[in-house]
Amino acid sequence: MMVEVNEKIAIEHGLKKEEYKKICDLLKRIPNITELGIFSAMWNEHCSYKSSRKHLKKLHTKGEQVIQGPGENAGVVDIDDDHAIVFKIESHNHPSFIEPYQGAATGVGGIMRDVFTMGARPIANLNSIHFGSPNHEKTRNLLRGVVKGIGGYGNCIGVPTIAGQTCFDESYNGNILVNAMTLGLVNKNKIFYSKAAGINKPVIYVGSKTGRDGIHGASMASAIFDEKIEEKKPTVQVGDPFTEKLLLEACLELMAGKSIISIQDMGAAGLTSSSIEMASKGNLGIEINLSKVPCREENMSPYEIMLSESQERMLIVLEEGKENEAKKIFEKWNLDFAVIGKTTQSKNIELYFKNEKVAEIPIDFLAENAPMYDRKWIKTKLPKKNEYSKNNFKSLKLSDCLNKILTDPNVADKEWIWSQYDHTVMGDTIQKPGGNAGVVRVHGTDKAIAASIDSSASYCYAHPLTGGKQIVCESWRNMVSVGAKPIAITNCLNFGNPEKEKNMGEFVECVEGISEASKYLNYPIVSGNVSFYNETKDKGIKPTPSIGGIGLLSNYRKMLTMELKNEGNYLLVIGKTEGHLDQSIFSRIILSKFNGPPPEINLFNEKQNGMSVLSLNNQNLIETCHDVSLGGILTAIAKMCISAKKGVKLFPFKNLVNKFEYFFGEDQGRYIIEVKPENLENVENLLKKDSIHYDKLGLVESGNISYENDLKISIDQIKEGYKKWLKEYMVN
Amino acid sequence: MKSSVIIFPGSNCDRDMDVALKKFGFKNQMVWHNDDEIPKSDLIVLPGGFSYGDYLRCGSIAGKSRIIKSVIDFANSGGLVLGICNGFQILTETGLLPGILQQNKYLNFICKNVFVKIKNNENKFFKDIKKEILELHIAHNEGNYFCSNDELKSIEDNNQIAVTYCDHNGNDDEENNPNGALKNIAGIFNKNKNILGMMPHPERMIDPFLSGEDGSLFFENLIKSL
């Protein structure tokens with residue numbers, strides 16, 4: 001029986017009253033339930049970017065390295081020769097909170113599909129995950145479930161998970177973040193796009209069968225949570241990595257030929273958004289016979305078939321006459337294959353079911369005419385700096401502070417997590433998780449690709465504009481620290497409720513900061529995703545844009561690591577240390593101060609300092625490199641010591657700041673490098689010539705980190721605390 | 001020397017194994033699971049991965065696959081068969097090797113470097129490897145070897161334990177057991193020592209830029225001893 005559509009039903013579909021009116025006006029009639037479902041899927045925040053579109057246009061997306069910017073399944077950048085990297089990040093926040101294993105697993109599956117849809121073989125996965133306070137009752141189970149889900153999917157497919165980031169903050173108590181990123185390698189001349197072309201071309205459905213799972217997933221991801229959230233469990237999709245592996249191999253096999261015109265994975269809003277996007281980009285119509293869609297369950301209605309988010313499915317527009325050739329490949333891999341429709345001239349989407357037309361909507365109405373809002377927003381003023389006096393530090397000891405920082409959940413070692421991810425399969429991982437960035441070789445060549453994910457919610461919360469700039473810079477620094485030339489980024493913009501002026505302001509200003517830094521550093525944004533409504537019962541998350549960056553090493557043998565190499569070598573810190581403590585982890589966990597501005601970003605210095613590190617590395621003058629971030633110089637040194645089981649004797653410093661400010665300040669644009677004694681003079685001269693500020697920090701030695709009479713701490717001791725926090729937390 | 005790597009749907013270390021075998025001089029070919037015959041080979045390798053998704057007991061469906069009869073015939077006629085990780089699981093499912101591989105003791109997937117001690121050199125797989133302790137790499141969720149007391153007695157009586165997990169000094173005690181495997185067993189032979197199943201991945205350790213190079217010793221010996 002057909003459901004009668006009215007305003008109440010439209011609102012239950014997540015549409016606003018005025019949006020429903022607009023639909024009726026556009027159609028000049030009341031939509032039927034299938035059509036209403038299609039509108040609600042296409043017009044929700046997740047698919048339409050209705051609150052963000054206006055501002056995303058401001059992002060810096062161009063550069064000579066960019067082959068494809070935002071707007072496709074993923075971004076594509078040139079890495080010389082015939083090679084290109086396809087990459088993107090995507091959020092799976094809402095489903096992961098409701099069902100952590102499947103939510104995270106299908107997040108990984110979805111982003112890999114976005115990449116291999118374009119013809120690329122995935123070569124690395126990364127993830128950025130944010131949880132509530134470790135003391136919150138849900139955190140432990142959510143963390144365990146998410147890690148198992150990410151591992152369960154990525155490990156089975158056989159793509160290494162090479163880097164990631166895990167953060168804890170009580171603002172995520174009711175809304176965790178799960179952002180997954182994939183990099184794929186493709187031949188520059190064999191990239192596949194989603195734009196359909198030509199009339200009467202067969203539209204093919206391949207992959208898994210369609211079930212009732214995930215119906216309205218995209219709408220769920222566009223809503224805030226309340227106490228009834230558990231009821232939404234059935235909207236979470238269920239992942240099948242085995243089928244995805246088969247789909248990957250089958251698609252790549254088909255792509256080796258010349259039969260595909262366009263291809264699109266069925267992600268959020270399933271068959272609805274994939275068919276409409278392909279037709280819309282090609283300025284065509286599309287006709288689908290829903291009776292031909294392979295279904296897993298009986299008696300599925302057109303509404304359910306169109307809105308299902310069953311995983312591991314693809315839609316392909318083929319050249320005519322190539323159906324049998326394609327079918328053979330999918331049969332070999334035991335996957336469903338069905339011709340379900342064709343492209344048309346009509347510029348409408350027309351759906352048939354059991355020989356009846358069940359929906360007809362002009363594609364324009366769904367894509368270009370989707371609502372776009374210019375939401376109200378407010379600027380965040382730069383907070384006033386805190387004054388620190390000797391009294392603030394009176395009873396503090398350097399060693400206690402260092403221990404406390406190293407055992408803080410946001411700093412402590414995350415091996416418990418990444419040892420559950422296969423990070424070595426494919427045999428090209430030359431830098432594992434736990435360093436500045438993960439690095440994989442471009443198989444069979446001298447080249448390698450570095451990748452990392454970063455976020456700095458505390459900085460973004462204190463001052464979104466600075467925070468936005470800072471994350472891009474941190475990502476850039478991570479590339480430089482492994483000796484890679486930074487190429488491009490993908491961003492996952494996780495924010496609260498855009499209907500609230502403060503949250504919308506955070507979004508607008510973070511985007512502005514990201515854009516400014518990426519433009520200055522020629523580090524363009526080529527793909528991304530927006531996740532709004534990360535809010536539960538009126539409590540939103542801190543603004544958390546995550547930046548996934550990639551860099552290129554033209555010779556992988558020049559890769560740098562953060563592990564100290566030899567006793568007797570010098571350590572230098574490049575970049576100026578002013579001792580900025582506001583918003584640092586030191587201020588937050590030791591002084592319990594949460595106000596003040598984040599460290600300032602000086603893009604000129606950022607670029608100069610990074611370029612000088614790359615240049616020194618090209619001249620083989622650097623043994624080790626690590627960027628200075630959370631926890632400042634001393635934390636950075638401690639991590640370098642722990643990974644090498646070596647110590648450092650620190651020299652008295654000359655700056656006019658307090659030792660706590662010097663060692664724990666989070667000034668930006670800094671790197672610690674290790675230099676052989678015989679290269680020291682040369683390095684100093686080169687830095688001076690380029691007017692790069694640097695301090696001589698100390699000497700590599702065995703066993704301890706020491707500073708004058710103020711600090712002597714054994715590496716074994718700090719290592720124990722650093723390594724065991726997460727393991728013990730997960731056991732308890 | 002000719003080798004064949006079997007690809008099951010869900011295999012994911014097949015390419016890595018192909019790269020390693022070729023690097024050390026094998027003429028390798030890939031064989032599809034639905035084929036009936038394996039081309040003439042001196043060595044057959046069952047690679048790592050998640051054959052048929054491993055949604056049932058790991059390796060159980062692969063153990064009944066179309067190609068597997070040829071693998072069993074080849075093994076029974078004395079041919080050299082190597083199963084790594086999922087390949088080891090498949091070999092136990094076919095009955096070519098005794099015992100089973102259970103879920104890891106702490107219920108987590110483990111991906112890390114481990115040391116293993118070579119327990120028996122009188123076979124083609126380890127004959128001329130000069131080192132007693134190798135650093136290899138594991139990546140599995142079900143590597144916890146188990147068998148009955150009678151089977152264990154027979155395995156020990158016939159010197160079928162190939163490698164055991166240990167530390168860099170060769171202590172193969174409980175402290176150095178990553179997954180709970182019985183007697184720290186990381187790999188075993190059949191009675192005739194022409195079949196080896198092993199959880200660690202030598203193919204991931206063939207280059208100084210990877211996790212280590214001891215896998216090279218394994219392949220260098222293998223090509224020499226054939």
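This is a predicted model: local features need pLDDT of at least 70, side-chain atom pairs count only at pLDDT 80 or more; totals for chains, interfaces and linings use all residues.
Let me start with B:Phe115, which sits in strand S6 of chain B, residues 110-118. Residues are numbered from 1 along each chain as its sequence is written, and chains are lettered from A and ligands numbered from 1 in the order in which they are written.

Is B:Phe115 buried or exposed? B:Phe115 is buried, because 22 other C-beta atoms lie within 10 Å. The cut-off for buried is 20 or more other C-beta atoms within 10 Å of the residue's own, exposed is 12 or fewer, and partly exposed is in between, with C-beta atoms placed from the backbone. Leaving out neighbours within four places in sequence, B:Phe115 is in contact with B:Ile133, B:Leu134, B:Glu135, B:Cys166, B:Asp167 and B:His168. Contact means that the C-beta atoms, placed from the backbone, lie within 7 Å. Take B:Cys166: from B:Phe115 to B:Cys166 is 51 residues in sequence, but 5.4 Å in space, C-alpha to C-alpha.

Now chain B as a whole. Chain B has five helices and 11 strands. Its radius of gyration is 16 Å, close to the 17 Å that the globule rule gives for 226 residues, so chain B is as compact as a globular protein of that length. The radius is taken over C-alpha atoms, and the rule is 2.2 Å times the number of residues to the power 0.38. Of the 226 residues in chain B, 54% are buried. Counting contacts between residues at least 6 apart in sequence, 74% in chain B join residues at least 24 apart.

On to chain A. There are 26 helices and 28 strands in chain A. Along the principal axes, its C-alpha atoms fill a box of roughly 85 × 50 × 45 Å. Buried residues come to 61% of the 732 in chain A.

Where the chains meet, 21 residues of chain A and 21 residues of chain B take part. On the chain A side, helix H8 (139-157) and helix H10 (241-255) each supply at least two residues. H8(A) gives the largest share of that side, four residues. By type, the chain A side has 10 nonpolar, nine polar and two charged residues. Nonpolar means Ala, Val, Leu, Ile, Met, Phe, Trp, Tyr, Cys and Pro, charged means Asp, Glu, Lys and Arg, and the others, Gly among them, are polar.

Next, a helix pair in chain A. Helix H3 (residues 33-43) and helix H11 (residues 270-282) of chain A pack at about 75°, with their axes 10 Å apart. Axes are lines fitted to C-alpha atoms, for helices over the stretch in contact, and angles run from 0 to 180 degrees between N-to-C directions. H3(A) and H11(A) therefore count as roughly perpendicular. That term covers 65 to 115 degrees; under 35 is roughly parallel, over 145 roughly antiparallel, and the rest oblique. A:Ile38, A:Ala41 and A:Met42 of H3(A) meet A:Thr272, A:Ser273 and A:Ile276 of H11(A).

Last, strand S16 of chain A, residues 448-454. Why is S16(A) described as largely enclosed by the rest of the structure? Because seven of its seven residues are buried. In a regular strand, side chains alternate between the two faces of the sheet. In S16(A), A:Ala448, A:Ala450, A:Ser452 and A:Asp454 are buried on one side, and A:Ile449, A:Ala451 and A:Ile453 on the other.

Strand S15 (residues 438-441) of chain A pairs with S16(A) over four bridges; two strands pair if DSSP finds at least two bridges between them. A:Val440 stands opposite A:Ile449. S15(A) and S16(A) form a hairpin with six residues between them, and A:Gly444 in the turn has a positive phi of about 80°. Seven antiparallel bridges join S16(A) to strand S21 (residues 544-553) of chain A. There, A:Ser452 has A:Gly549 of S21(A) as its bridge partner.

Key:
Two residues are in contact if their C-beta atoms, placed from the backbone, lie within 7 Å.
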